[in-house]
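Here is a short tour to read alongside the viewer. Let's begin with rings and then move on to a sheet.

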Amino acid sequence: MSDNDLDVIVIGAGLAGLKATTELKKAGKKVLLLEARERVGGRCKTGEICGKAIDLGGQWVGPQQKLLLAEAKDMRVQTYEQYVKGTHVLSRNGKVQYYKSDLPKLSTISLIELAFIQRRWDKEMNTLPVGQPWLAPKAKEWDGETLESWINKNVYTEGAKDFVRTVSSAIFCCNASQLSYLFFLDYLRQGHGIEVLLGTKGCAQQDKFLGSAWQIPKRMADTIRENLILNTPVLKIEQTQEQVKVFTQDKVYLAKNVIVAIPPVLASKIEYFPPLPTKRLKMLQSMVMGAVIKVHLAYNKPFWKLQNFSGAAVGLDVPVSVVFDQSPQDESMGILVGLIEANHAVALSAMDEKTRRQKVIDNFVHFFGTQAAQPIEYVEQDWLKEEWSEGGYVAHMPPGTMTIYGDCIREPFGRIHWAGTETATEWMGYLDGALQSGIRAAAELIHK
């Protein structure tokens, strides 16, 4: 395949770029996939703790995520259930509490209020046209306020306020004051409602992938190896009426079309000629990534299971806001995975690794007692320091962005088409949404 005889160049070998490339290749197109990193997978990344494979990026899958489950099946990657049997831990106002239901232990009045809030969110999200939330009857009103200003106007009990703020950091890795309420509602709609987004059994965290989720992009990449070039950041895209030129540090590639399948903030840093429409550029620049650090701690044994604890914890007042059991199925050792999100991630990212590690261990002792004080290994992934992600899990829209710029999110600019999980109309921010966006962008060019 000649570099100057290409139908499509795809930029970014996350799941969106890999899927677009696979679809185009199947349709007989000559396609080249360029990736800035030395690996594929984007925000899906593998690691190791005590010789066991772990996911440093996206890892869970729910039964509603049909595209990801189908891709895993095609790539012969099996799933297994997330362990949640036993008592869960909640830290709030400096105190540790225990609960066994899906919802943390809050006052009865807070739980009643949350039930009303959930019903209201379900009703409001269902008024949003699929893929066009900016056309909703109340779009301007909802996009004109943050989730935080909505909380202050509509939520009365402290427990419910804490819960909704935690939802913001747990799902978007940002504070409620940074998030458009309209964007929040659209995300709920795409993720089948708040219960599915936050839950395990029958919900988005129900299953994990044996041997790590990263096997899926790795095996996808193995099927298109001759179409893939790693360690090749794209600096500039130049288009004429006949073709597109893609400039890297040491080479220029020519093609009929391009698919840009990278996070919005990174797409905004590529130089375009002619320049991108102002609306498109402003939207890319406005969509900031969340802040997240993922940590794994390994122990000689899963001591929490022996005490009938699930290993699941929620922290409303501590740096580690979510913890799950990550132990191997044979229980040869115990592994816990924790997520540090939003302002906590920003603060801990600024510390040196030794200080941060001790903060995390102290947090786990707070949740699970002194047996958590001596992990045999500690592994962390600071997504804020990943040059080709600049955060995670997803880019979010602040107030005003969706109604002013949102309608161009999937709109091609000449010969440039757009993919990436942020452009999905279902499961945005998830691996499933990335696959959907890749399929859609490829279809635009197959039928062009």
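## Aromatic pairs

Rings of Phe, Tyr and Trp (its six-membered ring) pair if their centres lie within 6.5 Å; planes under 30 degrees apart count as stacked, over 60 as edge-to-face and the rest as tilted. By that rule, one aromatic cluster is formed by Trp121, Trp142, Trp150, Phe172, Tyr181, Phe183, Phe184, Tyr187, Trp427 and Tyr430.

This is a predicted model: local features need pLDDT of at least 70 and side-chain atom pairs count only at pLDDT 80 or more, while totals for chains, interfaces and linings use all residues. Residues are numbered from 1 along each chain as its sequence is written, and side-chain values use heavy atoms, leaving out hydrogens and water.

The whole structure holds 19 aromatic pairs. In one of them, the ring centres of tryptophan 121 and tryptophan 150 are 5.9 Å apart with planes at 40°, so the pair is tilted. Both tryptophan 121 and tryptophan 150 are buried (under 20% relative accessible area; exposed is over 50%, partly exposed in between, with a 1.4 Å probe and protein chains only).

## A charge over a ring

Arginine 280 lies over the face of tryptophan 418, at 4.0 Å from the ring centre. The rule asks for NZ of Lys or CZ of Arg within 6 Å of the ring centre and within 35 degrees of the ring normal.

## The open sheet

Now to the strands (DSSP runs of E, at least two residues; helices are H or I, at least four, and numbering starts at the N terminus). In the order β7-β6-β16-β17-β18-β15-β19, 7 strands make an open sheet with mixed pairing; pairing takes at least two DSSP bridges between two strands. At the edges, β7 (95-99) and β19 (377-382) each pair on one side only.
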